[in-house]
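Thanks for coming. Please have the model open on your screens.

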Amino acid sequence: MSGRHFLQIPGPTNVPDRVLRAIAQPTIDHRGPAFAKLARDVLVGLRDIFQTKGAVVVYPSSGTGAWEASLVNTLSPGDSVLMFETGHFATLWRNMAGRLGLDVDFVPGDWRHGVDPEVVESKLRDDPGRTIKAVAVVHNETSTGVTSRIPEIRSAMDRADHPALLLVDTISSLGSIAYRHDDWRVDVTIGCSQKGLMLPPGLGLNAISDKALAASKSARLPRAYWDWAPMLADNASGFFPYTPATNLLYGLREAIGMLREEGMDRVVARHCRHGEATRRAVRAWGLELVCQNPAEYSSSLTAVMMPGDGGRQDADRLRTLILERFDMSLGTGLGKLKGKAFRIGHLGDFNDLMLAGTLSGVEMGLAAARVPFARGGVVAALDYLSETA
Ligand SMILES: Cc1ncc(COP(=O)(O)O)c(C=O)c1O
């Protein structure tokens with residue numbers, strides 16, 4: 001097909017040419033002085049992205065590795081962990097915690113709402129023995145387009161006066177949705193490269209509070225590759241305990257530079273605006289958002305229910321048609337939402353006309369697939385974009 005593919009899944013996202021060019025530099029000696037400068041630039045630069053003054057570590061891994069790192073560095077076998085069924089990724093993280101030998105209280109959810117801070121408070125108040133060692137929350141549930149309100153969850157933990165660690169997955173929010181590791185007193189924030197940071201997959205991130213670092217000294221889950229201690233020790237002089245993903249780090253330095261040039265507040269505002277434009281399109285089509293609470297709308301992706309809960313109008317049939325006819329990839333429905341929902345990614349290196357093209361592809365696809373819907377979504381989105389330009 002001629003022209004550019006539209007990669008509108010909620011990550012991996014489109015990699016800007018500047019980042020691709022940065023990655024295309026020659027690979028260097030990862031034990032030499034040029035590498036030490038690169039590593040320091042990146043490790044310091046990431047602090048702004050996480051909004052922390054504390055340590056950030058970078059693994060050559062996917063986001064799943066960074067999840068595992070957050071658990072094995074802070075917890076011991078049999079520790080109780082409070083987790084919430086907000087969607088597919090929260091479920092996968094729960095499953096991992098179970099496999100690692102943690103005792104998970106998994107609060108059931110309907111995959112259409114974020115974590116309820118009141119439930120956090122009551123669960124912690126019901127734990128006078130302080131056996132719960134961590135509360136683990138997915139900030140932006142990529143399977144549903146629902147965010148959880150981390151500052152309110154933090155306040156709920158404070159009201160309960162409970163010492164549990166707060167672990168937050170920002171894999172699909174970091175670099176696109178407002179986030180403040182230090183101000184919100186998060187203990188471990190989990191991130192990765194292939195979403196708001198506009199890089200290819202391959203880097204997993206942990207931002208670490210002093211409290212989490214202290215917990216890691218006595219945590220007893222087995223850890224080797226993910227161990228923060230040798231990583232932090234070597235990072236202090238700009239090196240890694242094993243071979244880092246050198247070229248991705250070149251790309252990361254460039255991506256951090258791009259986010260700084262735009263300014264994080266503007267990056268966040270841009271994502272909010274594109275999220276709202278997308279939701280206006282969905283409403284005008286007469287389709288339903290997966291997210292049911294406006295306070296929890298995601299500005300990095302929008303998940304859309306197929307009419308009639310899937311059924312004959314299978315979401316994957318629509319996605320396949322859109323891919324074949326318009327060369328655009330949309331996110332599939334995951335887990336319980338398989339076939340019932342599709343997801344529109346609008347995060348990372350993205351602008352108004354890319355959104356206009358994306359929504360045009362969806363609208364044409366809905367018509368071609370004979371999904372019952374109303375025309376006018378694209379116009380509704382364009383009107384909003386024009387009014388708020
Ligand atoms: C919220 C969230 N958490 C965790 C993961 C897992 O990350 P990875 O697939 O990079 O291992 C993803 C992947 O999309 C995600 O969206």
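One definition before anything else: a polar contact here is a pair of N or O atoms within 3.5 Å, and within protein one of the two must be able to donate a hydrogen and the other to accept it. Also keep in mind that this is a predicted model.

With that definition, look at serine 172. Its side chain makes a polar contact with the side chain of threonine 142, at 2.7 Å. Serine 172 sits in the loop between β8 (165-169) and β9 (188-192). Is serine 172 buried or exposed? Serine 172 is buried, because its relative accessible area is 1% and the cut-off for buried is under 20%. Leaving out residues up to four places away in sequence, serine 172 touches Asn140, Thr142, Lys195, Ser300 and Leu347.

Three of those names, Asn140, Thr142 and Lys195, come back around the ligand. By type, the shell splits into 4 nonpolar, 6 polar and 2 charged residues. Which helix gives the most to this shell? That is helix α3, residues 63-74, with 3 residues.

Now the polar distances to ligand oxygen atoms. For threonine 142, a polar side-chain atom lies 2.5 Å from a ligand oxygen. For lysine 195, an N or O atom of the side chain is 2.7 Å from a ligand oxygen. For glutamine 194, the distance from a polar side-chain atom to a ligand oxygen is 2.8 Å. On its own the ligand has 390 Å² of accessible area, and the protein covers 86% of that.

Next, the nonpolar cores. The largest has 64 residues, and the members that touch the most others are Leu46, Trp93, Leu197, Leu249 and Leu252. Take leucine 249: apart from neighbours within four places in sequence, leucine 249 is in contact with Phe35, Leu38, Val42, Val58, Leu203, Phe240 and Pro244. There is also a second, separate core of 27 residues, which includes Ala281, Met328, Phe342 and Leu359.

Threonine 358 is in helix α12, residues 352-368. With a relative accessible area of 0%, threonine 358 is buried.

That is the tour.

Key: Residues numbered from 1 in each chain as written. Predicted model: local features only at pLDDT ≥ 70, side-chain atom pairs only at ≥ 80, totals over all residues. Heavy atoms only, no water. Near = heavy atom within 4 Å. Areas by Shrake-Rupley, 256 points an atom, 1.4 Å probe, with all protein chains shown as cover. Helix = DSSP H or I, 4+ residues; strand = E, 2+ residues; numbered from the N terminus. Nonpolar A, V, L, I, M, F, W, Y, C, P; charged D, E, K, R; others polar. Core = buried A, V, L, I, M, F, W, Y, C linked by side-chain atoms within 4.5 Å. Buried < 20%, exposed > 50% of the residue type's maximum accessible area, 1.4 Å probe, protein only. Contact = heavy atoms within 4.5 Å.
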